[in-house]
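Here are some notes for someone opening this model for the first time.

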Amino acid sequence: METELQARITAALGNRRMRANIRRALDRSVAKRLAAFPDRDELEDLRDQGQAIRTHALAHLPELLDELERNCSANGIRVHWAETCEQANRKVLDILRRHEAQMLIKGKSMVSEELGLNAFLEARGIEVVETDLGELIVQLAGERPFHILAPAIHKDRRQVAELFKARFPELPYSEDAEELTASARRILREKFRGAVAGLTGVNFAIAETGTLALVENEGNGRMCTTVPEVHIAVTGIEKVIARLDQLPTLLTLLTRSATGQPITTYVNLIGSPRRSGELDGPREVHLVLLDNGRSRIFADPELRATLHCIRCGACLNHCPVYVRLGGHAYGTVYPGPLGSILEPQLQGLDRAGALADASSLCGACSEVCPVRIPVPRLLNRLRAERVSAGAGSQVRGRGSRRDSRQAAIWRLWAWVHTNPGRYRLVSGLLSRTGSLVPRLVTPWTRSRRAPRLAPKGLHRLAREAGFGDD
Amino acid sequence: MNKPDAVYFFGTCLIDLLYPHVGLSAMRLLAREGIRVRYPQGQTCCGQPAYNSGYRDQARNVAAAQLTAFPADIPVVVPSASCAGMLRVHYPRLFAGTDDETRARALAGRVCEFTEFLMRTLGFRPVDLGPPLEVVLHNSCSARCELGVADAALELLDRLVNVRTLEPDHAYECCGFGGTFAVKEPALSAAMAADKTAAIAATGVPLLVGQDCGCLMNLENTFRCRGNGPQVKHIAELVWERTGGN
């Protein structure tokens, strides 16, 4: 894991075109968010509310999920529980098979990426068509979404044009964004027309009313949820909120943090399948609720904040690491700060724990998080879990990075720094040699000079200048 | 907080080892304002390197030595937002549920970052004796995100009438230091430092100032490796020099 991650980091840092593409795109996102919150006090007030709503929802997660199931069922939405990705994939497959669907049209859903749903269905002979333009682009390219909101931001127009040329040779070549979009629309319209089933994610599931809220800008989400006979919504169990009147706060936080929009072009509130007498809408609506390790995260009072996330992507947009690496270098479904706290817990610290180290803990993420998730604090906690020995928390892969040599170094470091006499002795010796420990300096000096140690430390200078402790 | 008669000075290990003149400038400046500055010889390090590496027991042991070194109920002035953040924000958490929790909370409540103390507690009004100068201020992430005191450093520079502050591209972004991050992720850290130094160099200023010697060490040594770039100084040195100190 460690060396693979390092190799991906090196490759990403060397990819100038990709880095330029992301920087340009993210600079725009940062500026749009800033413009969307002109009133600082309002923003902080909204963030307080957002945090309170999500904290409340997670604090009452089991009861709210029961209530959600009850109210969805009463509305005619069929609720399915999946503890694992395999179970969720099977549920979806069962539904498709029951309707003899040969094809599934999909709106954006990061949970479906988490499930590996596309590969699972394709291996069983079902065609999967991504209908969000960005998702379609990465599907055509055989890639994973690069960003949780903007899956193809790493590709510039020319790259998209070349991709379309390769995959749709019958279309005239164009590098014009509008023409490319129009081509995608024509292709997708045919798919919508023939689809029996559509699948989407869920932004918020409202327990009180049994309603599924889904926001999007392209209308493809609405098509997926209304045109086919069957709509399948997949989401994580943490997306539940208590009441409908909490939705406006979360939606405005979500859209303004994500894209700087006061509201998205489409806001879908899915309350039920087609009722008798209604002319359109799906005959069946299914809600698949995925656990996949979330219960374990929920059980830890501090790490639970990971589940407060509303997937706005602002932490990615503002992250100095994400802007340089992009989404693929992480090697996970969820990239960026959100991924670095979530993935090590979902996959286990042994498999994804190195992500917790790939952060300068600058806090740009928590500064913009609409629900105030303390990302650096959680990263710090995961680092402690990785190297901790003995019993304690339930975090998967706990202690997997424990290595006796490193532990010995820190014990030695503490032995020196817990005793002022030893500290003065050692720092005096270091000052005389003029350099820090070579091991520490080696990676540093690849791009920097080694820091020069002062001949006399502050302890001595302070004493000589008459600054005593009285 | 009213103007105190005396303060502790927590010099930080980085300043002790690498930039002692920064600590000395800061202490002299405070002393010139009529404050008795106490420098306990028992201080070592705030414990942050171990804490951010996940070694909490070792961090706590070192932190406990600081609780002992700063017992009196007077402010603890820290010329680094990062170390101040460790003392103020993380000590209460690190000691939660231990016998030292009360002492840790008490110390945390007395901690003041250097520019924050000058501006918010002293209402410092420097008389700028220096020639006209353009500078870039690098606010550390700890000052901005953790302590929320970034404004203080900017105001301090504003009060130096002959100093003009320019803002580089992506001024808000991290310089890539991050303590042990620079050693554990050297390539990533270097890429961040490269962009940061390029943006600062593009402003053409002769001087970069900051409030955290970690960031400044990172940037200064990246500039030295590039072979060009501005001089680098801690804000305490700049203010001390421009107000008649030597």
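1. Buried area is the accessible area, taken with a 1.4 Å probe, that two parts lose on being put together, summed over both. For chain B and chain A of this predicted model, that area is about 6100 Å². Carbon and sulfur atoms give 60% of the area.

2. How many residues does each chain bring to this contact? Chain B has 71 residues in contact with 65 residues of chain A.

3. Seven salt bridges are counted between chain B and chain A. An example to look up is the pair B:R144 and A:E367, whose side chains meet in a salt bridge with an N to O distance of 3.3 Å.

4. Which element of chain B gives the largest share of the side that touches chain A? It is helix α11 of chain B, residues 186-203, with nine residues. By type, the residues on that side of chain B are 38 nonpolar, 21 polar and twelve charged.

5. Helix α9 of chain B spans residues 150-158, and its buried residues are B:A150, B:A152, B:A153, B:L156 and B:L157. They sit on the same side of α9(B) because the arc they cover around the axis is only 170 degrees. The cover over these buried residues includes, from chain B, the helices α7 (114-121), α8 (141-146) and α13 (235-242). Strands β5 (133-138), β6 (163-166) and β7 (207-210) of chain B are also among what covers them.

6. Is A:S257 buried or exposed? Its relative accessibility is 2%, and buried means under 20%, so A:S257 counts as buried. The residue lies in helix α12 of chain A, residues 247-259. Its side chain reaches the backbone oxygen of A:L253 at 2.6 Å. Apart from neighbours within four places in sequence, A:S257 is in contact with A:R33, A:F37, A:T252, A:C312, A:A314 and A:P370.

7. A:R283 belongs to a loop of chain A, the one between β9 (266-270) and β10 (284-290). With neighbours within four places in sequence left aside, A:R283 is in contact with A:E229, A:P273 and A:R274. A further distance to check in the view is that from A:R283 to A:T226: their C-alpha atoms are separated by 9.3 Å, and the two residues are 57 residues apart along the chain.

Technical notes. Residues numbered from 1 in each chain as written. Chains lettered and ligands numbered in written order. Predicted model: local features only at pLDDT ≥ 70, side-chain atom pairs only at ≥ 80, totals over all residues. Heavy atoms only, no water. Buried < 20%, exposed > 50% of the residue type's maximum accessible area, 1.4 Å probe, protein only. Helix = DSSP H or I, 4+ residues; strand = E, 2+ residues; numbered from the N terminus. Arc of directions from axis to C-beta. Contact = heavy atoms within 4.5 Å. Salt bridge = Lys/Arg side-chain N within 4 Å of Asp/Glu carboxyl O. Nonpolar A, V, L, I, M, F, W, Y, C, P; charged D, E, K, R; others polar. Polar contact = N/O pair within 3.5 Å; in protein donor to acceptor, adjacent residues only side chain to side chain.
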